[in-house]
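Subject: Handover of a structure, with notes

Dear colleague,

Please find below the structure that I am passing on to you, followed by my notes on what was found in it.

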Amino acid sequence: MLLLTNTYSQDASSFDSIPLFKEDTTQYFIAPININSENSEYSPVFTKGQILFASDRNNMLGVVYTNETEKSLIDFYIAQKIDSLTFKPAKSFSKTINTVFNDGPGCYSKDLSSIYFSSNSSYELNLKPKKVTLKNLQLFQSDFTKNTWTKPIKLPFCKSDFSFTHPCLSPDGKTLYFTSNMTGGYCGMDLYYSKLTNGVWSSPVNLGSKINSTFNEVFPFVSDINILYFSSDAPENFGGLDIYSFDFNDTINSKKKILEAPINSNKNDFCEFIDPTKHESNFSSNRDPVKKDDIFFFNNKYPSIKNCTKYISPSYCFTFYEESTVSGLTSDDQTKLVYEWNLG
């Protein structure tokens with residue numbers, strides 16, 4: 001448990017320090033990880049002791065590309081994990097994938113042989129000025145072959161008139177979830193999915209009104225136990241983007257649920273990633289007023305216990321005997337006196 005505590009030893013008769021002990025009412029431990037910078041870091045993906053994330057930080061090549069509004073562009077970065085909060089210095093992910101356009105966020109296939117990601121690059125070799133006119137985001141796939149990533153290929157259902165971004169694979173790798181503003185949705189950005197059949201991705205299907213709304217639903221993630229997490233800026237939430245969950249195991253009866261504070265805040269909270277092996281999670285947020293988007297670690301400090309036997313309050317009946325009537329009776333006409341209190 002990631003808490004700093006002091007342990008005291010004292011006699012049972014000493015009560016002076018009892019007021020120092022306070023009930024811990026916070027269920028979660030939350031802290032930023034050390035790779036955050038003054039720029040934005042978000043969309044963490046963990047695998048084999050590494051973190052892959054998107055950032056508009058300096059690309060360490062001495063060149064910073066911006067769009068027409070002077071906003072820095074996104075690239076992929078990767079860093080080696082030391083512990084839950086500490087990572088080695090981040091490095092640029094791949095020269096094949098990172099371009100002078102926005103590249104990211106993305107996700108790996110389960111066997112790590114492919115990466116799916118969003119970009120507004122055409123991946124054609126041409127030099128661009130430091131100011132770039134951006135096109136709509138599209139989804140791409142790159143495969144890891146001969147110790148390098150292949151030239152990205154755009155997924156067949158993407159249309160240049162709309163944006164397609166925030167890809168996430170289902171645990172079995174056969175369904176790709178993503179965000180798009182394509183026509184036929186509920187307004188703004190909606191969540192969609194595409195099925196992989198005989199090596200071909202199907203036409204996108206909207207996830208429906210149980211999840212999507214007239215507001216923006218973005219950044220899907222499906223956990224190892226088939227729970228969908230996503231963010232929405234619907235006005236009934238804490239403020240800005242907030243993280244919701246939806247149980248894919250029972251789509252008929254399930255309803256989307258907003259995650260509690262302090263995971264959600266009055267700022268933007270998004271991009272949850274759950275490590276099924278350690279029951280730990282990471283998410284992104286701009287809750288720090290001094291910084292931009294940061295990646296945070298959180299875990300549940302207390303175990304979640306399920307299928308418990310319901311506690312039944314015991315019922316007691318106490319019987320007391322008067323000692324002089326139980327032993328040492330000298331007369332046959334003396335009767336044992338029995339006193340009984342029923343305390344419920």
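In the hairpin formed by S10 and S11, where two residues lie between the strands, Lys 146 adopts a positive phi near 55°; strands here, like helices, are DSSP runs numbered from the N terminus, with at least two residues of type E for a strand and at least four of type H or I for a helix. Strands are called paired if DSSP finds at least two bridges between them.

Before going further, please note that this is a predicted model, in which local features need a pLDDT of at least 70 and side-chain atom pairs count only at pLDDT 80 or more, while totals for chains, interfaces and linings use all residues. Residues are numbered from 1 along each chain as its sequence is written, and side-chain values use heavy atoms, with hydrogens and water left out.

The chain averages a pLDDT (the predictor's confidence in each residue, from 0 to 100) of 84, and 78% of the residues score at least 70. Over residues 1–15, however, the pLDDT is below 50, and this stretch has nine contacts in the model beyond near neighbours in sequence, a contact meaning heavy atoms within 4.5 Å.

As to the chain in general, its secondary structure comes to one helix and 26 strands. Of its 344 residues, 43% count as buried, where buried means under 20% relative accessible area, exposed means over 50%, and partly exposed is in between, with a 1.4 Å probe and protein chains only. The chain exposes about 20500 Å², of which carbon and sulfur atoms supply 53%; accessible areas come from the Shrake-Rupley method with a 1.4 Å probe, and for residues only the protein chains shown count as cover. Among the contacts in the chain with a separation of 6 or more, 47% are between residues 24 or more positions apart.

Which residues does Leu 155 contact, leaving aside its neighbours within four places in sequence? They are Tyr 116, Leu 139, Phe 140, Gln 141, Leu 176 and Trp 201. Leu 155 itself is found in the loop between strand S12 (153–154) and strand S13 (164–169), and it is buried, at 4% relative accessibility. Its C-alpha atom is separated by 5.8 Å from that of Leu 139, which is 16 residues away along the chain.

Elsewhere, four strands make an open sheet with the order S18-S19-S20-S21 and antiparallel pairing, whose edge strands, strand S18 (217–222) and strand S21 (257–258), each pair on one side only. Strand S20 (residues 242–247) and S21 are joined by two bridges, and Tyr 244 stands opposite Ile 258 in S21.

A search of the whole structure finds three salt bridges, each defined as a side-chain nitrogen of Lys or Arg within 4 Å of a carboxyl oxygen of Asp or Glu.

- Arg 57 forms a salt bridge with Glu 41, with the closest N and O atoms 3.1 Å apart. Arg 57 lies in the loop between strand S3 (50–55) and strand S4 (66–67) and Glu 41 in strand S2 (residues 41–47), so the pair ties together parts that are 16 residues apart in sequence. Arg 57 is buried at 16% relative accessible area, and Glu 41 is buried at 0%.
- Arg 287 and Asp 269 meet through their side chains in a salt bridge (2.8 Å, N to O). Arg 287 is partly exposed, with a relative accessible area of 22%, whereas Asp 269 is buried at 0%.
- Asp 294 forms a salt bridge with Lys 291, with the closest N and O atoms 3.3 Å apart. Asp 294 is buried at 2% relative accessible area, while Lys 291 is partly exposed at 29%.
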